[in-house]
Amino acid sequence: MPSRLDFPRRSPVWLLIASAALQLCAACGSSNSAPPQQSASQVSSEAISCTPSNVAPGSKSQCSATVHGTGTLNSAVTWAVSAGTINSSGAFTAPSSPEKVTVTATSIQDSTITGTASLTVAYMVPSSRHVVLVMEENQGYSTIVGDTANWPNLNALIARGALATNYYADSHPSIGNYFMLTTGQILTTDDSSTQVWNVDNVVRRMLAANVSFRVYAEGITQGYLGGNTGLYVIRHNPFAMLSDVADSQQVANSVICPFSQFAVDLADNSLPQFSYIVPNVDDDAHSGTPLTADSWLQANVVTRLSASSAFQSGGDGILIVDFDEAATTDTSHGGGHVVALFWGPNVKAGYQQSSSIVYQHESMLATVMAALSLSNPPGLADNAPTMGEFFVQK
């Protein structure tokens, strides 16, 4: 008699047991198979930014890095700078003198991947709605600074304001310097020229940005665009020879004013954002004595501005006294060593230039435009150093 478990090979029960065993083995095999492959993380690039990108010497900027790539990335970086210092969090401290600085971030995950950013370290020029520029004539630096007999008031202003000791005119004779102050180019060295110039200039920028400005000139009538008259010479007023003014009598009538209007606008508290003052040739030291020019400047400009709230504590006024050229025998840097000084609530009191930077009229143009919040100065002013070192850094 056969055993109870001795089933025929082809019995249904046997087939069920075999099928179950095969399924169990298949399941075991699948549990031992390799998991799906994931792509490895890989850094491809870094984007670096620093805010602000323009800082004063000794000031700070915060830099950050964004790591790009595939997979799960390590976003950590190491920082380095060409000047100044930067910590592990990207906090940058500027060096003590102006220069261009390169900031570099290197990926910790892949040291072959770096990113860079540029920072400009420069003294900041404060914005102002009351910039007043007075042009004086034909006096060298050494004949003014310290000469309290002939320039008593100007030397007193130097003591209260900030003096550029390394400032030079661009050309001889006068006219090229006036065009440099307004266009960033010399344009001509012909003092008798009355040519109207259609070139990029500060007037064009002020008109486009709705920055108010006026020229206050001794010896002219409202909107005067003619040549020399009396003690007024047109070469000392480059605005009258720029097409943006000269080709529009409407513009000329609104911006070319007799000097008497300056006192009226001050009294009415309606001084424009930029005032350009042209004394006559007796009062600017061209033909008259230095003492005459010194007394005129004090009585008609400095004393009047001192009574204005814009030039008192908390105000934003900036007075600039600049000389067009030195004596023709001094050709240093083109037009000789001259005085340029600043005075106002945001000017460093009693400061004399500590940097070795050579400033010229193109720097003054760039500085005035910076104070008026106008970017991209024309001509040579675009790359000229601004004169921010003479202002309080806030």
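The model is predicted, so local features need pLDDT of at least 70 and side-chain atom pairs count only at pLDDT 80 or more, while totals for chains, interfaces and linings use all residues. Residues are numbered from 1 along each chain as its sequence is written, and side-chain values use heavy atoms, with hydrogens and water left out.

Begin by selecting residues 361–371, which form helix H9; helices (H or I, at least four residues) and strands (E, at least two) are DSSP runs, numbered from the N terminus. Of its 11 residues, 10 are buried, so H9 is largely enclosed by the rest of the structure; buried means under 20% relative accessible area, exposed over 50%, and partly exposed in between, with a 1.4 Å probe and protein chains only. Just after H9, select Ser373, which takes a positive phi of about 60°.

Next, select residues 152–160, helix H2, where the buried residues are Leu154, Asn155, Leu157 and Ile158. These residues cover an arc of only 155° around the axis, which puts them on the same side of H2; the arc is that of the directions from the helix axis to the C-beta atoms. An α-helix has 3.6 residues a turn, so residues three or four places apart point the same way.

Now turn to the salt bridges, of which a search of the whole structure finds four; each is a side-chain nitrogen of Lys or Arg within 4 Å of a carboxyl oxygen of Asp or Glu.

Select Arg235 and Asp191, whose side chains meet in a salt bridge at 3.6 Å, N to O. This pair links distant parts of the chain, 44 residues apart, with Arg235 in the loop between strand S12 (213–217) and helix H5 (243–246) and Asp191 in the loop between helix H3 (174–183) and helix H4 (202–208). Arg235 is buried at 16% relative accessible area, whereas Asp191 is partly exposed at 24%.

Select Arg214 and Asp265 next, where the salt bridge is 2.8 Å, N to O. Arg214 lies in strand S12 and Asp265 in helix H7 (residues 260–267), so the pair ties together parts that are 51 residues apart in sequence. Asp265 is buried at 3%, while Arg214 counts as partly exposed at 23%.

Finish at Asp200 and Arg205, which meet in a salt bridge of 2.6 Å, N to O; Asp200 is partly exposed, at 30%.
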